[in-house]
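Colleague: Hi! Could you walk me through this one?
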Amino acid sequence: RNMSDLYCIYWLPFGALLTDMERIGLKVDLQHLKKIQNEAENERSFNREKFLEWVNTVAPNTKEFNPTSPSQMQQLLFAPFHRVKKSKSKAKPVDEDLEDILEAEEQSEDKPKVRKNPLASKAFFPETRIFRVEN
């Protein structure tokens, strides 16, 4: 068998079936559909609340956490991760250096000001550390 046989035996009849279904339509139980929609919305709300409770246990001070925000989810899931490049030298924390750099950039008039992400603060994730690898 070849691709032409596959098309003639399976895809042509299936296409005809789909066009018949489009033309005739499908019966839908609207009451059942509304019922399961309400159940799904209630379940979603319940799961969202449970998730936000969990977020508050993992990272306190997260009353304004938005689970639909990709940047906030990234900060929540990956900020505690410490990636240290493997090399002969040792990595050292540079939290103080980073703060000095950010302050200098904010005071500089020729560079645009950087908006700080409230999730990136140490108050939100106190265990977060930034490392610089020196060669």
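This is a predicted model: local features need pLDDT of at least 70, side-chain atom pairs count only at pLDDT 80 or more; totals for chains, interfaces and linings use all residues.
Colleague: How many aromatic pairs does a search of the whole structure find?

Modeller: Three. Rings of Phe, Tyr and Trp (its six-membered ring) pair if their centres lie within 6.5 Å; planes under 30 degrees apart count as stacked, over 60 as edge-to-face and the rest as tilted. W11 and F14 are edge-to-face, because their ring centres are 5.9 Å apart and their planes stand at 75 degrees. With centres 6.3 Å apart and planes at 50 degrees, F51 and F65 form a tilted pair.

Colleague: Is F65 buried or exposed?

Modeller: F65 counts as buried, at 7% relative accessibility, while F51 is partly exposed at 26%. Buried means under 20% relative accessible area, exposed over 50%, partly exposed in between (1.4 Å probe, protein chains only).

Colleague: Which residues do ring pairs link into a cluster?

Modeller: F51, W54 and F65.

Colleague: New topic: where does α1 bend?

Modeller: At W11, by about 35 degrees, and a proline, P13, follows within four residues. The bend is the angle between axes fitted to the seven residues ending there and the seven starting there. Helices here are DSSP runs (H or I, at least four residues), numbered from the N terminus.

Colleague: And what follows α1?

Modeller: G25, whose phi is positive, near 95 degrees.

Technical notes
Residues are numbered from 1 along each chain as its sequence is written. Side-chain values use heavy atoms; hydrogens and water are left out. Helices (H or I, at least four residues) and strands (E, at least two) are DSSP runs, numbered from the N terminus.
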